[in-house]
Amino acid sequence: MALKISKFYCALHNQVRLLTSLESSGRPYMQGQLANNERQYFYFIDHQGMLFLDDARMKNFTSCFKEKKFLKFFFKRLKMNGNLENLHEWPYVSPCGEEMNYIKCDDLPVVYQAIIYDDEEPHLSWGDEHGLLKYPLNLSDIAMCPKSGRVYHPAPYRQGGIGLIKSKLAIELSNNFVFEENRNLPSGIRWNDQYYALNHQILKLLDSRPSVGRYSDFEE
């Protein structure tokens with residue numbers, strides 16, 4: 001059954017990719033190209049967590065992928081690229097049978113978009129805002145990068161171990177940060193009338209994770 005689903009979604013979205021491959025003129029690749037005995041496609045994940053074909057000229061809500069089953073299939077299989085030849089340009093991949101989807105990001109592939117509750121326990125939702133995929137929220141593990149001001153939280157190991165918190169949610173969380181005098185990083189966060197000390201441990205992991213624009217300026 002899982003194999004049938006895999007083939008169905010690969011075939012379905014191949015049609016979408018091939019129709020847009022004409023936009024790749026001038027790029028060093030073509031969507032759907034055959035190389036190294038694999039059919040290759042190329043994607044981009046922005047800092048809001050939206051997924052696009054990398055060669056899409058317009059990257060906004062209109063042009064991003066929205067089909068929930070495809071997004072779940074794609075993101076669950078996402079992992080770090082083990083091919084050293086193109087690791088720098090395409091640091092992540094999402095295998096699909098005999099095809100390989102190569103991925104670059106504005107920052108990280110896991111972008112947390114909302115806080116949801118499962119059996120009254122808080123989780124961070126990624127893939128969409130409604131719990132398409134989720135990861136347990138540990139408030140003490142939230143960390144703010146001193147270079148960019150972006151906010152991060154641990155993520156599944158397969159997907160790199162660290163995720164970016166979407167700017168809208170990060171602002172909501174940062175309004176509850178507690179700063180000690182003469183310190184640029186928050187020492188804790190107040191949430192639901194409780195105080196949680198922040199350990200900032202994932203900042204060490206952050207510098208080891210590749211991205212194409214982690215400290216770039218961007219428009220919200």
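**Entry 1: the pocket.** I began with the largest pocket, which is lined by 16 residues, with M50, F61, Q113, G127 and D128 lying nearest its centre. As for the term, on a 1 Å grid over the protein atoms alone, a pocket is an open set of points where a 1.4 Å probe fits, with protein on both sides within 12 Å along at least five of seven lines, and lining residues have an atom within 4 Å of a point. The space in this largest pocket is about 260 Å³, where a volume is the space filled by probe spheres set on the points, and the grid points are joined across faces, edges and corners. Sorted by class, its lining has six nonpolar, five polar and five charged residues; here Ala, Val, Leu, Ile, Met, Phe, Trp, Tyr, Cys and Pro count as nonpolar, Asp, Glu, Lys and Arg as charged, and the others, Gly among them, as polar.

**Entry 2: what I am reading from.** This is a predicted model, in which local features need pLDDT of at least 70 and side-chain atom pairs count only at pLDDT 80 or more, while totals for chains, interfaces and linings use all residues. Residues are numbered from 1 along each chain as its sequence is written, and side-chain values use heavy atoms, with hydrogens and water left out.

Entry 3: Strand β7 (residues 111–118) runs antiparallel to strand β8 (residues 121–126), and six bridges join them; strands are DSSP runs of E of at least two residues, numbered from the N terminus, and two strands pair if DSSP finds at least two bridges between them. Y112 has W126 in β8 as its bridge partner. The two strands form a hairpin with two residues between them, and D119 in the turn has a positive phi of about 55 degrees. β8 also pairs with strand β9 (residues 133–136), in the antiparallel sense and over four bridges, and here the bridge partner of W126 is L133. This second hairpin has six residues between its strands, and G127 in the turn has a positive phi of about 95 degrees.

Entry 4: How many residues of β2 are buried? Seven of the eight are, so β2 is largely enclosed by the rest of the structure; buried means under 20% relative accessible area, exposed over 50% and partly exposed in between, with a 1.4 Å probe and protein chains only. Strand β1 (residues 33–35) pairs with β2 in the antiparallel sense over three bridges, and L34 stands opposite R39 in β2. With β6, β2 pairs in the parallel sense over seven bridges, and F44 stands opposite K104 in β6. Strand β3 (residues 51–53) is antiparallel to β2 over three bridges, and F44 stands opposite F52 there. β2 and β3 form a hairpin with five residues between them, and G49 in the turn has a positive phi of about 90 degrees.

**Entry 5: ring contacts.** I counted a pair where the ring centres of Phe, Tyr or Trp (its six-membered ring) lie within 6.5 Å, calling planes under 30 degrees apart stacked, over 60 edge-to-face and the rest tilted. By this rule the count comes to 11 aromatic pairs. The rings of F42 and Y102 have their centres 5.7 Å apart and their planes at 20 degrees, so this pair is stacked. F42 lies in strand β2 (residues 38–45) and Y102 in strand β6 (residues 99–105), so the pair ties together parts that are 60 residues apart in sequence. F42 is buried at a relative accessible area of 3%, and Y102 is buried at 3%. The centres of F177 and F179 are 6.3 Å apart with planes at 75 degrees, so that pair is edge-to-face; F177 counts as buried at 10% relative accessibility, whereas F179 counts as partly exposed at 43%. Ring pairs also link Y43, F65, F70, F74, F75 and W126 into a cluster.

**Entry 6: charges over rings.** A charge sits over a ring if NZ of Lys or CZ of Arg is within 6 Å of the ring centre and within 35 degrees of the ring normal. The charged end of K59 sits over the ring of F44, 5.8 Å from its centre, and K104 lies over the face of W90, at 4.4 Å from the ring centre.
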